[in-house]
Amino acid sequence: MPSLLLRNARVGLGGPLRHVLISDGRVAEVSAEPPPCDESVDVGGGTLLPGLWDAHVHSEQWAQARRRVDLSPARSAKEAVELITAHAAASGITMGYGFRDGLWPDAPHKSLLEAAAPGRAVVLVSNDLHTAWFSPAALAVIGRGDHPTGVLREQDCYSAMAELPPPPEDELDRWVAEALTAAAARGVVGVLDFEFADNVTAWSRRVRHRRIDARVRCSIPKGRLEEAIGRGLRTGEPVAGSDGLLEVGPVKIFVDGSLNTRTAYCEDPYPGTGTRGLLETPPDELHATMALAAAHGIQPAVHAIGDLATGIALDAFERVGCPGRIEHAQLLRPADFARFARPGLIAGVQPAHAPDDREVADRHWHGRTGRAFAYAGLLAAGATLELGSDAPVAPLDPWDGIASAVERTDDERPPWHPEQAIPLPVALAAASRGRHGVRPGDPADLMITERDPAGLSGEELRRAPILGTLLGGRWTYRGAL
């Protein structure tokens with residue numbers, strides 16, 4: 001690959017103007033005078049920063065959600081039905097995505113869909129991916145016509161969605177590749193994919209047949225752990241034949257559900273109910289699964305949203321003594337903050353969820369929200385944070401999460417628990433796998449912003465114009481350069 005010189009780049013937040021030479025996929029030199037090169041691009045004072053990673057993505061679901069009916073404006077089951085009815089097709093399955101029923105005054109039910117679109121197959125998926133709402137015709141497609149409500153949650157939801165006829169493989173691969181190319185235009189150079197699939201195989205196929213514009217860490221669903229062990233997969237190792245684009249990721253294990261579905265497992269019951277949420281994996285089973293994975297070089301990524309679930313996950317990490325991740329950690333017990341400081345443990349958090357879920361949290365976690373989405377508290381306790389979107393739960397655009405982490409709001413509402421805001425440099429590093437700057441020897445996974453992010457407001461950060469993105473020195477996005 002010919003060497004590339006980025007001239008007149010402002011290196012880092014508030015950094016000096018420098019010339020940055022890229023050679024053999026790495027930053028070779030950062031200098032005040034331009035060195036010899038094969039190709040030169042003047043970036044005109046744009047700010048050069050490490051490229052961004054989205055540390056929690058469901059790639060296939062995100063790619064499909066970009067083509068589904070948007071249900072996010074619905075404030076009731078009735079409104080969700082009205083939104084989907086205009087699009088309900090006479091044949092095939094009509095898919096909607098993005099409803100949040102945690103504050104709805106009415107309940108979803110298959111009869112509402114049937115009354116509005118008689119005989120039509122309609123499936124609505126909640127924003128958090130933990131609930132699917134089927135019409136009677138859609139239930140018949142998967143052989144569950146006798147389901148009483150058509151509303152399936154947690155494992156029933158996941159299995160029902162898996163039973164739906166999938167898009168053609170080649171078409172889905174094209175959608176996924178297009179979604180990553182769109183993400184590259186926002187400065188993204190890598191994702192950790194938590195799709196419920198054989199991700200190593202799927203991504204290996206995509207890399208062989210398509211241009212892929214980001215690096216991918218391929219997670220392993222819990223149900224495929226023994227298969228992965230048999231294949232000799234180990235977390236952190238490159239996937240053979242991927243030219244360095246793919247890496248084996250962790251195994252995903254669920255302890256609980258979600259806040260909006262009221263299945264996050266909490267110490268205190270949800271208001272007006274006797275339930276504390278759903279325990280997906282009991283402590284002994286969690287320990288056994290993590291120990292099996294760790295013994296074969298596979299790190300665990302444990303989904304835990306409620307405070308009791310997060311405590312159970314921390315207990316398991318202490319018992320097994322392995323590195324890994326806790327995904328979400330939305331609500332924490334006061335005594336558990338310091339436990340995140342253990343070496344090798346990463347808190348994979350999604351700051352865009354805080355402004356999205358603040359009203360639901362205020363209702364269902366009343367009196368406890370000072371320790372919800374508590375990023376400043378985690379940092380103060382010594383935790384290592386990595387930012388993700390959980391796309392399609394939030395858009396695959398790390399700037400949305402960075403702005404939410406810094407501002408603690410995403411609209412005209414005042415900041416929600418502003419004491420839990422974190423500084424911009426910290427948020428940027430947490431969104432780039434811990435990289436704090438651009439130095440010789442670094443991988444040339446870089447982005448160039450038109451304006452220095454240090455001078456931008458939260459709303460300006462969300463819209464931050466990207467001039468270019470480089471992956472190993474290759475342009476994956478090149479705007480006005």
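Colleague: Which strands does helix H5 lie across, and at what angle does H5 run to E11?

Modeller: Please bear in mind that this is a predicted model. Helix H5, residues 155-163, lies across E8, E9, strand E10 (131-134) and E11. The angle between H5 and E11 is about 110°.

Colleague: What makes E7 and E11 the edge strands?

Modeller: The five strands form an open sheet in the order E7-E8-E9-E10-E11, with mixed pairing. Strand E7 (69-70) and strand E11 (151-153) each pair on one side only, and they are the edges.

Colleague: How do you know that strand E8 and strand E9 are paired?

Modeller: Two strands pair if there are at least two bridges between them. Six bridges join E8 (residues 93-99) to E9 (residues 121-126), so these strands count as paired, and they run parallel. Within this pairing, Gly96 stands opposite Leu124 in E9.

Colleague: How many bridges does E19 form with strand E5, and how many with strand E20?

Modeller: Strand E5 (residues 47-50) pairs with E19 over four bridges in the antiparallel sense. Strand E20 (residues 466-471) is also joined to E19 by four bridges and runs antiparallel to E19. Ile448 takes part in both pairings: Leu48 is bridged to Ile448, and Ile448 stands opposite Gly468 in E20.

Colleague: Which way do the residues of E19 point, and are they buried or exposed?

Modeller: Leu446 and Ile448 point one way, Met447 and Thr449 the other way, and all are buried. In general, side chains in a regular strand alternate between the two faces of the sheet.

Colleague: Why is Thr476 called buried?

Modeller: The cut-off for burial is under 20% relative accessible area. Thr476 has 8% relative accessibility, and therefore counts as buried. Thr476 is located in strand E21 (residues 474-478). Apart from its neighbours within four places in sequence, Thr476 is in contact with Ala184, Arg211, Asp213, Thr469, Leu470 and Leu471.

Colleague: Why is helix H7 described as largely enclosed?

Modeller: Eight of the eleven residues of H7 (residues 199-209) are buried, so the rest of the structure largely encloses this helix. Among them are Trp203, Arg205 and Arg206. The buried residues of H7 pack against helix H1 (59-65), helix H6 (169-184) and strands E12 (188-193), E13 (215-221) and E14 (246-254).

Colleague: Which residues have the most contacts inside the largest nonpolar core?

Modeller: The largest core has 96 residues, and those with the most contacts inside it are Ile326, Phe340, Trp365, Leu396, Trp399 and Ile402. A second, separate core of 19 residues includes Tyr97, Phe134, Leu152 and Phe254.

Colleague: What makes one space a cavity and another a pocket?

Modeller: In a cavity a 1.4 Å probe fits but cannot get out, whereas a pocket is open. The structure holds five cavities of 30 Å³ or more, and the largest cavity has a volume of about 190 Å³. Of the 20 residues lining the largest cavity, Asp128, His130, His303, His328 and Asp390 are the closest to its centre.

Colleague: Which residues of the lining of the largest pocket lie nearest its centre?

Modeller: They are Glu60, Met161, Ala162, Glu195 and Phe196, out of 41 lining residues. The largest pocket contains about 1,300 Å³ of space. H5 supplies the largest share of the lining, six residues.

Technical notes: Residues numbered from 1 in each chain as written. Predicted model: local features only at pLDDT ≥ 70, side-chain atom pairs only at ≥ 80, totals over all residues. Heavy atoms only, no water. Helix = DSSP H or I, 4+ residues; strand = E, 2+ residues; numbered from the N terminus. Contact = heavy atoms within 4.5 Å. Axes fitted to C-alpha atoms, helices over the stretch in contact; angles between N-to-C directions. Buried < 20%, exposed > 50% of the residue type's maximum accessible area, 1.4 Å probe, protein only. Core = buried A, V, L, I, M, F, W, Y, C linked by side-chain atoms within 4.5 Å. 1 Å grid on protein atoms, 1.4 Å probe; cavity = no way out; pocket = protein on both sides within 12 Å on 5 of 7 lines; lining within 4 Å. Points joined across faces, edges and corners; volume = space filled by probe spheres on them.
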